[in-house]
Amino acid sequence: MSAVLGAAWALLSAAFLSALLLQRCAPARPPGGGFGVVFGIFQDLIRYGKTKRGRGQRPAWLRLLQVPKRWFAHFYVVSVLWNGFLLIWLFRAEFLGESLPSWIQPMHRALGRDSQSEGTDSERFSALLVLLLLWLHSCRRLAECLWTSVFSSGVIHVVQYCFGIVYYLAVGSTVLCQVPANVRNGKELSVQISWYHVVGVMVYIWASLHQHRCLVILANLRKSKSGKVISLSHSVPFGDWFERVSCPHYFAELLIYVSMAITFGFHNVTWWCVVMYVLFNQALAAVLCHEFYQKNFSSYPKHRKALIPFIF
Ligand SMILES: NC(=O)c1ccc[n+]([C@@H]2O[C@H](COP(=O)([O-])OP(=O)(O)OC[C@H]3O[C@@H](n4cnc5c(N)ncnc54)[C@H](OP(=O)(O)O)[C@@H]3O)[C@@H](O)[C@H]2O)c1
């Protein structure tokens, strides 16, 4: 296991879990005095888009630190470029016997990868496949941000924006660090497809299809039958996985990362730490979104959970 990487992702998961627990215990009204300022900053850092609205007028200095939510597209531009570069490097190393860039070897060692570890062809293929899935996911999300989703004037905090950029650089680099050391020895890969590659890709396609459908449902809430944007307000979505949870696109995101853990053959502890991070990150966003719907729509379906059907 890449010990340092795993620890970093586990720490990040713990931070989001703590934020989720703190939010669940937070008072309905902001406390006064110094606690009030800390409470305001905390809320500003965990909320974005529609869940930031309706919290009264935020101080001017806090509003200076916000950027449009439509800039989500920048995350995927960075991801498509960076993870595309990593994919090309890895592909050339695996199939053309070329060496990985020289900076990767010290990075491997620094992040705890055992430099002597030799992987099987199946393990080497897993890392390549996961990087390809991650890149395809970023391409689809970029296309959805540009051509599917209808954004309102919602905002995100500049810290969330910077975090999002760094996240997509880190997640691809994490996949690259799962590449066994023998890729560097110039031994070409002979592709060995295992059952878990097939299962992982099938779960990935299934979750991606549902995530796309749910994002189309959200976009259609703001369009007329002819496809013209007629509103930028928020209303209650129905259909597909929305019948079970408030944030099925977040649930699908979680499934996409689980599908990558399956593609790694279930045993990659570092990647399960990434999955934990996605779980707590999306759970926090889903809880806030669920509360937003319940607060603003009195007839909101009672049986809907926030993130995971029938459970949470
Ligand atoms: N891997 C990660 O760490 C990570 C982190 C965050 C997000 N994501 C993924 O990125 C995708 C988008 O996330 P998000 O947080 O931006 O989703 P979101 O807040 O639900 O927004 C998605 C789109 O739908 C619109 N929308 C949301 N609720 C609506 C409603 N009730 N009525 C009409 N339109 C509505 C939004 O417009 P507005 O402009 O009004 O918001 C936006 O255009 C998700 O699939 C999520 O899983 C991944």
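This is a predicted model: local features need pLDDT of at least 70, side-chain atom pairs count only at pLDDT 80 or more; totals for chains, interfaces and linings use all residues.

Trainee: Is Ser208 buried or exposed?

Mentor: Count the C-beta atoms around the residue: Ser208 has 20 C-beta neighbours inside 10 Å. The cut-off for a buried residue is 20 or more. Ser208 therefore counts as buried.

Trainee: How far apart in space are Ser208 and His137, C-alpha to C-alpha?

Mentor: These two touch, although they are 71 residues apart in sequence. From C-alpha to C-alpha, the distance in space is 7.8 Å.

Trainee: How are H6 and H8 oriented to each other?

Mentor: Helix H6 covers residues 121–147 and helix H8 covers residues 195–220, and their axes lie 12 Å apart. The packing angle is about 10°, and angles under 35 degrees count as roughly parallel. H6 and H8 are therefore roughly parallel.

Trainee: How many charged residues are in the contact of H6 with H8?

Mentor: On the H6 side the residues include His137, Arg140 and Glu144, and these meet H8 residues including Ser208 and His212. Sorted by class, the contact of H6 with H8 has 5 nonpolar and 5 polar residues, and the number of charged residues is 2.

Trainee: What about H6 and H9, parallel or antiparallel?

Mentor: Helix H9 spans residues 248–263, and its axis is 9 Å from that of H6. The two helices pack at an angle of about 165°, and angles over 145 count as roughly antiparallel. That makes H6 and H9 roughly antiparallel.

Trainee: Which residues of H9 make the contact with H6?

Mentor: H6 passes H9 in a right-handed crossing. From H6 come Ser126, Leu129, Val130, Leu133 and His137. Their partners in H9 are Ile256, Met260 and Thr263.

Trainee: At roughly what angle do the axes of H1 and H10 cross?

Mentor: H1 is made of residues 3–25 and H10 of residues 269–296, with axes that come within 8 Å. H1 passes H10 in a left-handed crossing. The crossing angle is roughly 20°.

Trainee: How many nonpolar residues does the contact of H1 with H10 have?

Mentor: Among the H1 residues are Trp9, Phe16 and Leu20, which meet H10 residues including Val274, Phe280 and Leu284. By class, the contact of H1 with H10 has no charged residues and 5 polar ones, while the nonpolar count is 17.

Trainee: Let's move to a loop. Which residues is Gly154 in contact with, leaving aside neighbours within four places in sequence?

Mentor: Gly154 lies in the loop between H6 and strand S2. With 18 C-beta neighbours inside 10 Å, Gly154 counts as partly exposed. Apart from neighbours within four places in sequence, the contacts of Gly154 are Gly49, Lys50 and Lys69.

Trainee: Finally, what is the radius of gyration of the whole protein?

Mentor: The protein has 10 helices and 2 strands. For its 312 residues the globule rule gives 20 Å, and the protein comes close to that, so it is as compact as a globular protein of that length. Its radius of gyration is 21 Å.

Methods
Residues are numbered from 1 along each chain as its sequence is written. Axes are lines fitted to C-alpha atoms, for helices over the stretch in contact, and angles run from 0 to 180 degrees between N-to-C directions. Helices (H or I, at least four residues) and strands (E, at least two) are DSSP runs, numbered from the N terminus. A crossing is left-handed if the near helix is turned anticlockwise from the far one by less than a right angle, and right-handed if clockwise. Two residues are in contact if their C-beta atoms, placed from the backbone, lie within 7 Å. Ala, Val, Leu, Ile, Met, Phe, Trp, Tyr, Cys and Pro count as nonpolar, Asp, Glu, Lys and Arg as charged, and the others, Gly among them, as polar. Angles under 35 degrees count as roughly parallel, over 145 as roughly antiparallel, 65 to 115 as roughly perpendicular and the rest as oblique. The radius of gyration is taken over C-alpha atoms; the globule rule is 2.2 Å times the number of residues to the power 0.38. A residue is buried if 20 or more other C-beta atoms lie within 10 Å of its own, exposed if 12 or fewer, and partly exposed in between; C-beta atoms are placed from the backbone.
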